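Here's a quick briefing to read alongside the structure. Take a look at the model first, then work through the notes below.

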Amino acid sequence: MVHLSTIALALASVLPQLTQGAGLHTSAVAKGKLYFGSATDNPELTDTAYLAQLSNTDDFGQITPGNSQKWDSIEPSQNTFSYTKGDVIADLAAKNGQKLRCHTLVWHSQLPNWVSSGSWTNATLIAAMKNHITNVVTHYKGKCYAWDVANEALNEDGTYRDSVFYKYIGEAYLPIAFATAAAADPDAKLYYNDYNIESASSKSTGAQRIVKLVQQYGAKIDGVGLQAHFIVGSTPSQSAQTTNLAAFTALGVDVAYTELDIRMTLPSTTALLTQQSTDYKNTVAACMANTKCVGITIWDYTDKYSWVPSTFPGQGDACPWDANLVKKPAYAGILAALGGTTSTTTTLVTSTTTAGSGGTTSVPLYGQCGGSGWTGGTTCASGTCKHINDWYSQCL
Ligand SMILES: O[C@@H]1[C@@H](O)[C@H](O[C@@H]2CO[C@@H](O[C@@H]3CO[C@@H](O)[C@H](O)[C@H]3O)[C@H](O)[C@H]2O)OC[C@H]1O
């Protein structure tokens with residue numbers, strides 16, 4: 001590799017650039033939604049660039065802790081509660097003026113062993129579950145816009161998942177959990193949350209059954225969270241999602257997309273990124289079409305910290321920002337569905353090309369390769385800067 005010599009090649013040209021107008025949250029609120037938000041997790045908060053964008057309330061008016069309010073994190077041994085990590089995220093939301101969606105109280109996964117493998121009776125597990133819910137919801141009282149009270153109680157065919165809660169308590173664990181949460185914080189919105197309930201299916205029907213069950217017990221349930229962990233090209237159509245949302249809201253509850261991400265088999269291609277943008281757009285549009293769809297949360301905003309690659313080997317690039325915190329076409333898809341605008345300005349662009357044997361060559365595009373924001377540079381540390389559409393380029 002020969003050292004680069006720098007040739008200052010001044011390209012003075014007049015290029016049209018799209019500068020950003022209102023962001024995702026601002027646009028969502030302008031159209032009557034409560035929020036557009038993102039999940040986050042404690043380890044990534046040490047990344048200052050990441051934190052700055054997460055705290056940008058133009059894009060994010062709401063955050064969800066991805067792990068730090070789960071049972072194994074908060075009550076690792078019986079009746080010993082640890083709120084440190086959850087508090088960091090609750091405090092961040094308060095500092096930023098962002099809503100907090102709290103996640104999650106009763107779930108079969110990420111349970112400590114003392115719960116999942118305990119020797120329970122019906123009465124002792126009800127007592128332990130109520131104790132957990134009462135402590136946690138009381139601790140965060142007044143701080144949670146919403147709680148995911150119960151998460152993933154269903155199998156794909158709509159029957160109940162054989163969790164420790166169902167095994168020892170039966171379906172009554174669901175209304176008991178909702179009633180206990182409501183008693184501890186009457187103002188928090190209480191949600192049932194699940195995946196693969198985003199279009200009509202046995203599982204979606206099962207989730208509607210849970211809403212009716214909790215209502216029949218006389219307990220409060222305010223909403224259904226549709227996780228929306230989708231796959232590029234297999235995302236339900238906008239109309240399928242719209243019809244499905246209406247089936248929930250007809251029961252008198254709100255709905256929200258709570259964990260939206262749209263993964264692909266790697267490596268990403270221009271075609272996949274374009275389809276991903278369409279899939280995001282259709283999903284957000286379905287929410288926009290239902291007045292009781294209160295908001296949308298993406299399950300972290302950047303591929304840098306997405307849970308997808310470690311959970312689905314060979315898949316990834318599921319978020320609207322890439323691993324360099326650069327917006328992908330998905331961002332524009334979401335913004336379009338939110339009715340947001342980007343304004344075209346004409347800018348004098350001066351580009352400097354650094355050249356030399358084996359060196360990098362700048363690409364005469366005004367996209368985002370190698371840079372950040374809407375006016376990033378155009379050279380790639382790896383890959384080649386590909387022109388994806390009229391306003392966007394990416395190193396691929
Ligand atoms: O090693 C674990 C690691 O596996 C764990 O990963 C988290 C698993 O849960 C993810 O969130 C869930 C994603 O989809 C839905 O099913 C749930 O509602 C969500 O809670 C989360 O993003 C991952 O980080 O994290 C803790 C590590 O110790």
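A polar contact is a pair of N or O atoms within 3.5 Å; within protein, one must be able to donate a hydrogen and the other to accept it, and residues adjacent in sequence count only if both atoms are side-chain atoms. This is a predicted model, where local features need pLDDT of at least 70, side-chain atom pairs count only at pLDDT 80 or more, and totals for chains, interfaces and linings use all residues. Residues are numbered from 1 along each chain as its sequence is written, and side-chain values use heavy atoms, leaving out hydrogens and water.

**Around the ligand**

- Q227 has a polar side-chain atom 3.3 Å from an oxygen atom of the ligand.
- For H103, a polar side-chain atom sits 2.7 Å from a ligand oxygen atom.
- The residues surrounding the ligand (a heavy atom within 4 Å) include N67, K70, N151 and E259.

**Strand β5**

- Strands here are DSSP runs of E, at least two residues long, numbered from the N terminus.

**Neighbours of β5**

- Strands pair if DSSP finds at least two bridges between them.
- β4 (residues 99-107) runs parallel to β5, joined by five bridges, and R101 stands opposite A146 in β5.
- β6 (residues 189-194) also pairs with β5 in the parallel sense, over five bridges, with N151 opposite N193 in β6.

Note on methods
Helices (H or I, at least four residues) and strands (E, at least two) are DSSP runs, numbered from the N terminus.
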